[in-house]
Amino acid sequence: MIELIGSDPFLHDVTELPDLDNFFSPKGPLLEAIKLAAELFGAKETWFLVGGTSCGVQAAILATCSPGETIILMWNAHVSATTGIVFAGAVPKYIVPEYNCDWDIEVGVIPSQVHIKLCHSNGIPLIVDEAHGAHFKFHPKMSKTALDQGANIVIQSTHKVLSSLSQSSMLHISNNDYQILIDRERLHKFIHILQTTSPSWLLLASLDAARHQLSKISNTGLFDDAVISFSHDDEMDPLRITIGGWGLGLSGFQANKKLDDDFGIVPELVSTKSITLAFSEGTTREHVQILVSGLKQLSNMFYSDEKELENSISRNVKFGEVVEMGLSPREEFLARVLLPQHIGVPVLVPGEVIGEGAVGYLQEIKNKGWFLIGAADPLPTILVCRKYY
Ligand SMILES: Cc1ncc(COP(=O)(O)O)c(C=O)c1O
């Protein structure tokens, strides 16, 4: 490792030392750093995380749901929400978002499905997984942040779009009147038990450095170039571009392979019909030129009038549908059922009744030679064991 990256990183790879503060009970430099972060992001309080947004989502669910209590969440929520539900023993009610079958992409929930005012007037806290939205605060043309819209707990992967090291994220609690819906001590306890007792100070320092960088440049337009010709639309993120391959007869998986093999371009998300690319502070003009060349090459190689990817496959759940559950996620998890997913997004959620739609979808994935993770084998076979308790 020293040959590869030199010895400096090792000099800074320290964990809790008396001068460096205590991760779970900060009183010195770490306390100062999280206070500055809370101020910058507009939070009442911020925690630095070394287990990614994943551990923050899990802690937020554990802090707000007791065993047997209901949690309402998007059907395609990240797998960390599912594991949070398993830990908490909560009972999910899934909201199926709108789905665009041309792109094989979940479009998102609409206000009539999740309404922040309705949650608050019923004493229900709102958790937002803003893993991909840590940058929203830093350009007036970007979406309003979840905190600014009144969410109670917001978790952001600072390492995804901003400049901290992988694994480092932030969890914020909001400043609004509805903060009484969050038991701060309970949240703190779960943030504590879900993380290591040997946090890397390199990761924590990188969160502070990312905050520092943004506080210095937020007024000088770090994201100006990215949003320069971007017409304001609350639902769009100028740092994510989704490209469909069907006009060339290519699936998202095939386009991904070609771009990766020939140009070293690795998308953030791959679906059966499209790829989604992530841009960040580190993206340069040269990177964009490589992408444009890659896309031109794909077009030259595969374009023909007749070629269109045959009809889209339809999702196994429909917009607005109630997802039928056979077991609670915790029961299913303990019964050792392996569930297939596309890069963190479930094809089936734990406990869901496996109906014809889901089987057809999985068979189609198999027939097309695409891949899923989490299935018992690449076919994919779903392993279902009897409940043993
Ligand atoms: C929507 C969403 N939530 C949560 C996570 C988990 O974030 P992290 O990798 O910081 O643990 C991801 C990761 O890709 C994600 O896409």
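These legends accompany close-up views of a predicted model.

**View 1. The shell around the ligand.** Eleven positions need labels here: G52, T53, S54, H78, D129, A131, H132, S157, H159, K160 and S169. By class, the shell has 8 polar residues, 2 charged residues and 1 nonpolar residue.

View 2. Two helices, α4 (52-64) and α7 (158-161), each bring at least two residues to the shell. Which of the elements gives the most to the shell around the ligand? The answer is α4, with 3 residues.

View 3. The side chain of S54 places an N or O atom 2.6 Å from an oxygen atom of the ligand. S157 also faces a ligand oxygen, with a polar side-chain atom at 2.8 Å.

**View 4. Two cysteines, C55 and C65.** Are these residues buried or exposed? C55 has a relative accessible area of 5%. For C65 the value is 8%. Both count as buried because the cut-off is under 20%.

**View 5. Disulfide search.** A disulfide is a covalent bond that joins the sulfur atoms of two cysteines. A search of the whole structure returns 0 disulfides. The cut-off for such a pair is a sulfur-to-sulfur distance within 2.5 Å.

Key
Residues numbered from 1 in each chain as written. Predicted model: local features only at pLDDT ≥ 70, side-chain atom pairs only at ≥ 80, totals over all residues. Heavy atoms only, no water. Buried < 20%, exposed > 50% of the residue type's maximum accessible area, 1.4 Å probe, protein only. Near = heavy atom within 4 Å. Polar contact = N/O pair within 3.5 Å; in protein donor to acceptor, adjacent residues only side chain to side chain. Helix = DSSP H or I, 4+ residues; strand = E, 2+ residues; numbered from the N terminus. Nonpolar A, V, L, I, M, F, W, Y, C, P; charged D, E, K, R; others polar.
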